[in-house]
Amino acid sequence: MGMNEADTRAKLIDPALHAQGWIEDLIKREETAGAVEIVGGRPRRRAGGRIDYTLRVRLNDHTQPVAVALIEAKSEDLPPAHGLEQGKAYADSRRLNVPFVFSTNGHLFVEYDRFSGMTSPPRPISAFPTPGDLRARYEKGMGFSLEAPAARPLLMFYPGGEATRRYYQDAAIRAALERLAQGRKRMLLSLATGSGKTFIAVNLLKRISDAGQMKRALFVCDRDELRAQGAAAFQAVFGADAAVVSGSNPQKNARILIATYQTLGIDTEESDAGFLSAHYPENYFSHIVIDECHRSAWGKWSLALTRNPDAVQIGLTATPRQLKAAEDSAACQTDRQINADNLRYFGDPVYEYEMSQGIEDGYLAACEIVRRDIFLDRKPQSESVTGVVQADLEGKTLTDARTGEAMEICDARDRYEAPSFEDSLLLPERVEAMARDLFGCLLRTGGPEQKTIVFCARDRHADAVAIAMNNLYAGWCQETGRPRLEPYAFKCTAASGGGDYLADLRGASRSHFIAATVDLLTTGVDVPAVRNIVFFKYVRSPIAFYQMVGRGTRLHPPTGKLMFRIYDYTDATRLFGQEFATRPAPSREPEEPGAGRQTERVIRVEGFDIRISDAGQYILTAIDGRAMPVTVEEYRERLSRKLVSEAPTLSDFRARWVRPGLRRELLAGLPDGERSASLVRELSGMQDCDLYDVLAELGYGLMPRTRRGRADAFLFKQAAWLSALPEPSAEILKAIAAQFSRSGTDGLENPRIFETGEVVRAGGLPALRSLGKPAEVLQETKERMFAA
């Protein structure tokens, strides 16, 4: 049997690389945080994430090394190209962003060159390219020399050292600086909410500044909350050189200005950009970073760009927006030629980091989706499936929502579609039923005192939801004899001054649990402790939807938050994976006094019988590079199909399972990587089974055994083998089998297994050495364990 992956790297690959000039600081070990798996309804992080090794080149000892290649090391008895496809997936512009990929078994290597699209034949490891070789090829492919002035930002060190950045942040920064070195001045970076776009912006500008290539920079964001967050990040690196722009102070003595659209006067179609024009002449800024640049289809912030045409312009967003419009649309006559379409203005994203990738890497919270169906007691002859028609209102009590005055059915519209519920048609029983159902969900998943954001249709809907949730909580506290932690539920909308409650929602641990909002918490508000995102509101825009979901994706170590739930009462999660495209608002014509929707009377209808049922449990997974919800059954099918394609027979699967390197590679290749098997174990109620049995049943129909059952089967099926061994050795192996019954495969491979009490009492490591090398004995024990 050949060396495993780790031994191959240590004994064959590393010496060969060193001989070719790849010293330690040119080989970077990139390790992710480790995927989050859901066990027993609770999340836990797997020990250790995915490990990748990148090769880097540098100009000299005083410059930042630049990653140019990924190397996949495989066991020596595997073909040299075995890890190539996996490496190509990791190296692309959605992950590590390097142009060269190598796969080797320690004897031979193959290479994929992203510049040419060519894959080399196997070559001896002694012929591996030197740092000088790869640097020359990188420079030729990129079209610039690392010695060129334009490339200087690439060579600047991180101000806080490399320990402060994650692999994808480095990849995004490199992607932007490489385009800058190529002479490109506009670029778009698309990264999931919670992945640290502000960190990227700060370090991009700092490295450009350290290279002596930044005069003045403008960071534009949407809200005061974002401005405060951005200012803290910039000032931590730039100090007094970074300042917040206010309506009374343009901060012209600072080099980094942090401003909101509103302060600059470029937030709406009606804004006149007066502040921007009055204080900052054309080409005042050499660099502009637009945060959440999907706002291009809303105001006039393009003026910040068009007044600075010579500036480097970088767009940051989780939702790049492509504007679709009719040719004669007045709203597109000016903006569409400049920046209404992010992709047309900035070009394709130079780097992308999707939500599903962030979840797989363990940098974003894992997501479980709970869908609920709502049924109203409509008339059997009703023509409406998703809404309400006049006939459905017969026998109900109709009143004017503002005055309480009684109304007739004829006062109502002929038809109300579901999105108009709680807007122009108020259904108090529906609100009560949905609130009661949500409260029950919270009770079943940890209790009512969970930080939760409920998206509502209108301000009055948010009022109704907050009242209903407060009443339910007060009743529960009375029934259980618990003290009320107040305020419990509260309205958090722009109209109600909700911004004043954001600090409490974020930081208070004994109050402000349920925030009923409309749009205030849609974007830009960082509340890592939020554990639930709830849709009581109908959502049509994928952009708005992703921004809402983004409120839950952040991890929160102080409270141990590793996952969040989406409770979907309005089928909002159908928008996962939708194109980020919306039509522009038509040009507005002046309205006559009293005209428009304000004249319609809002009707309150009482008397509906509401029923809510479970509409299924879904898993958020990556499909074609996008986060998409799939049913548990679909998820199992996708997992099984991929498993069997990688290991066609049970024997193939077993042979790979007992070898750690091959097992990790197999699990990494499954949908969602290693966490997928753990999710299936949880969803199938197989928590007492090792992942081997979970996957063996899923892919090959093997009757699953619990960990204890498999350990017992090992003892009686391997009784003849055990009885032929010296008694002390046999006792040791029985003690090791007992460790498997508790910890499964991980227990067998724990390097401290010989220090556990049961194994020590049975004789420990010395008793096993009489059989040969302990590692080989353990390997045979594993093979027999899974053959049982």
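Let me start with glutamate 665, which has its place in helix α18, residues 660-668, where helices are DSSP runs of H or I with at least four residues, numbered from the N terminus. This is a predicted model, in which local features need pLDDT of at least 70 and side-chain atom pairs count only at pLDDT 80 or more, while totals for chains, interfaces and linings use all residues. Residues are numbered from 1 along each chain as its sequence is written, and side-chain values use heavy atoms, with hydrogens and water left out.

Is glutamate 665 buried or exposed? Glutamate 665 counts as buried because its relative accessibility is 13%, and buried means under 20% relative accessible area, exposed over 50%, and partly exposed in between, with a 1.4 Å probe and protein chains only. Leaving aside residues up to four places away in sequence, glutamate 665 touches Lys74, His82, Gln86 and Arg656, contact meaning heavy atoms within 4.5 Å.

Alanine 503, by contrast, lies in helix α14, residues 502-507, and is exposed, with a relative accessible area of 51%. Its C-alpha atom is separated by 10.0 Å from that of aspartate 526, which is 23 residues apart from alanine 503 along the chain.

Finally, a pair of helices. Two packed helices are described by the angle between their axes and the distance between the axes. Helix α12, residues 428-444, packs against helix α13, residues 459-480, at an angle of about 50°, with the axes 9 Å apart. The contact is made by residues including Phe439 and Leu442 of α12 and Met469 and Trp476 of α13.

Conventions
Axes are lines fitted to C-alpha atoms, for helices over the stretch in contact, and angles run from 0 to 180 degrees between N-to-C directions. Helices (H or I, at least four residues) and strands (E, at least two) are DSSP runs, numbered from the N terminus.
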